[in-house]
Amino acid sequence: MEKLTVGCRLDDRSSFPAVADTGGRYDAEDCVRHGERVDDGVVVVAGDGCILYANGAAEDLFLAESGSLSGRLFGHPLVAGDSTEIEIVRPDRRKATAKMRAIPVEWEGRAAQLVLLHASGERRRAREPQRRSGELLHALVAYSPLAIVATDPSGRVSLWNRAAADMLGWSELETIGNGLPATADDPEESLVGVWAQAMHGEEVRGRELPEQRRRDGQAIALQVWAAQMNDAAGLPGGLVLMLGDVTQRRRVEAHLRRLVGHDALTGLPNRRQFRKQVERTLNKLSRRDAQPLLVLQLGVDRFKNINKSIGHGGGDRLLQALARRLAGALDETDLVARTGGDEFAVLLRDTHHPHDGVRVANKLLQHLATPFELDGQEIFVTVSIGIAVYPHDGRKAADLIHAADDAMDRAKQQGGNGCQFFTPDIDSDAREQLALENGLRHALERNELFLDYQPQYDLKSGRLAGVEALVRWRHPEQGIVSPGSFIPVAEGSGLIVPIGAWVLHEACRQLRAWDAAGLPPLRMAVNVSARQFFADGFKAEVKQALRASGVAPARLELELTESLLVRNAAGVIDLLHGLKALGVRLSIDDFGTGYSGLSYLVDLPIDTLKIDQSFVRRLAENQRYRAIVAAIGELAQGLDLKVIAEGVETASQLEYLRSVRCDEVQGFLLARPLAPDEVARLLR
Ligand code: C2E
Ligand code: MG
Ligand code: MG
């Protein structure tokens, strides 16, 4: 270890003004705090003579580099309390004299000597301007409301002012000479992280840090400025960090944010926030498929009266309790908001059917049925609920909320404690669809389906040429349900496949039963819907029905709709040829309504065109329809197709059809759909 060369004279016993001011009581913290601002050299020497600390003035005195005295040996015996004049031999061989006094102190728990070195007068004068700016700096640092922390290039703290100690909880003594304390779990996000970034030249000016922790664990929000310092040679000499405590400001900001987006009374999102959330959800929806989304608007029935009887304070508490109950009744994916004085709104995100709205509304009504207790008083509350369905009642958030509001008003007008859809029939439609679908699942196994047969007559001979099988459902509660209402439901749910197969088999079986009864042979027309036609195994099903019944294929006519035929031309043609190969007849039902071109007729193996009832119905009233029907007749003749007109209800319609080229007729004028034994009677 290198020894400082210190000569000494033992005659001088004068005191040290700058440090003596502290009243003769010193501790290590004082040394460090005062050491940097006094003109006198301050050196702390351990019991073994090793220098623990030296201030700037001491370094000046020894002409030593900053920080280079620590760790070296102090080469002069120290006698506590004595003031001695010593001679210092400096690296440039010049000598300096100083008065020295040693005072016992405690340094990091160990006994040490504080050595004060008072240099000669001329030297002090030279340092005067420096001393003044030092005083100014000291005052700035000491009294700054900002925490000021300086480090050397390796990150060791060299300055830690009072504000830093107050703000972060670590004392000067704990930090000087050590690395920056850990103010966050993730070093990247802590003061150390900022320090490293600033050291790498990143600008840090008023940066807001993520939440930091004080020494006592309390959260603190900090804003940071950093400045690089250069040493005498212009090299990076460390960093100064200035920290502001912005915890309070951030708390106010968060509170304001909550005020803007949230209702202060209940803590729920407010109307604005609710609309934003609905918008956000709609934006996400439109990118996926159009799944229904429901907005419910709830209003407390007769809230004014309640408010009057329990007072405004009571009213407020009631609304808070109500808000809690609503939130408790809903799923996590649902959003509940307070949208007005006595109004709440709910957004149901996870719905599949408008019916879910009724389910949730009923649940809410049920949850509110138990009275609220306020100051020992029981208060009964009911609400009116309006339901709007996306996309049915609106595609925009504002429209949906408006629609739900309207529906709520209607629910109120109807006496409250209930719910209403914005579109009234959505409710009944929804319920009906649901009930139909459930019922249809059991219709087959419970033998609730049966067929009626509507006769088709040859116009020339007037003879019964065939029948069309029309399915009916004998519903246990609703009575006979027409195919117009349940076939679309069956299509939607896929139930049409087993139902259609049953119809095929039953129609063929019936045809053979009439044959067996010795009745004249008829042709049987069976309706086939699109989903059934395109389902795998349809052709096999037809084949199977023919084989099981023994009906000659040419006596079976499949009625396909025009829209089905034009939908997927290539695939359809193959399927049709496949069926045709079985020997069955193919007919285009509701011909003229499919908005198709006519050219497809050339390619398809079709036998019959069935003119739609809408044309037949208007024959009398409109010349244009007469022209269309006549044209269909001509077209059919040219393509060698049979033409049948359905929905014939009047004699004049029949008359006209006779005058154009039409082969057969079907309609209420001639016969309604009949039960099998009625057909048998007709044939006899
Ligand atoms: P569609 O195949 O066009 O059947 C003709 C419809 O017109 C039948 O109604 C019949 O009762 C009705 N109708 C017959 N003559 C007249 C008339 O003079 N005036 C009026 N106003 N109507 C008349 P329905 O039985 O209610 O059947 C409706 C539709 O349901 C059928 O139209 C057909 O598309 C479908 N459908 C019926 N049975 C089946 C079936 O077994 N399978 C499939 N896939 N669909 C079926
Ligand atoms: Mg038909
Ligand atoms: Mg038809």
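How many nonpolar, polar and charged residues does the shell around ligand 1 have? The shell has 8 nonpolar, 7 polar and 7 charged residues, with Gly counted as polar and Ala, Val, Leu, Ile, Met, Phe, Trp, Tyr, Cys and Pro as nonpolar, and Asp, Glu, Lys and Arg as charged.

This is a predicted model, in which local features need pLDDT of at least 70 and side-chain atom pairs pLDDT 80 or more, while totals for chains, interfaces and linings use all residues. Residues are numbered from 1 along each chain as its sequence is written, chains are lettered from A and ligands numbered from 1 in written order, and side-chain values use heavy atoms, without hydrogens or water.

Select ligand 1 and the 22 residues that surround it (a heavy atom within 4 Å). The closest are N527, D589, Q613, E649 and F668.

Next, colour strand 22 (464-475), strand 24 (523-528) and strand 26 (585-591), each of which supplies at least two shell residues; strands are DSSP runs of E, at least two residues long, numbered from the N terminus. Strand 22 gives the most, with 4 residues.

Now show polar contacts (N or O pairs within 3.5 Å). Polar side-chain atoms lie at these distances from an oxygen atom of ligand 1:

- N527: 2.8 Å
- R472: 3.0 Å
- E646: 3.4 Å

Move to the magnesium ion (ligand 2). Its protein donors (N, O or S atoms within 2.8 Å of the metal, or 3.2 Å for Na, K and Ca; water is not among the atoms, so sites may look incomplete) are E468 (OE), N527 (OD1), E559 (OE) and D589 (OD), at 2.0 to 2.3 Å. E468 in strand 22 and N527 in strand 24 are 59 residues apart.

Finally, select the magnesium ion (ligand 3), 4.1 Å from the magnesium ion (ligand 2). D589 coordinates both.

Technical notes: Polar contact = N/O pair within 3.5 Å; in protein donor to acceptor, adjacent residues only side chain to side chain.
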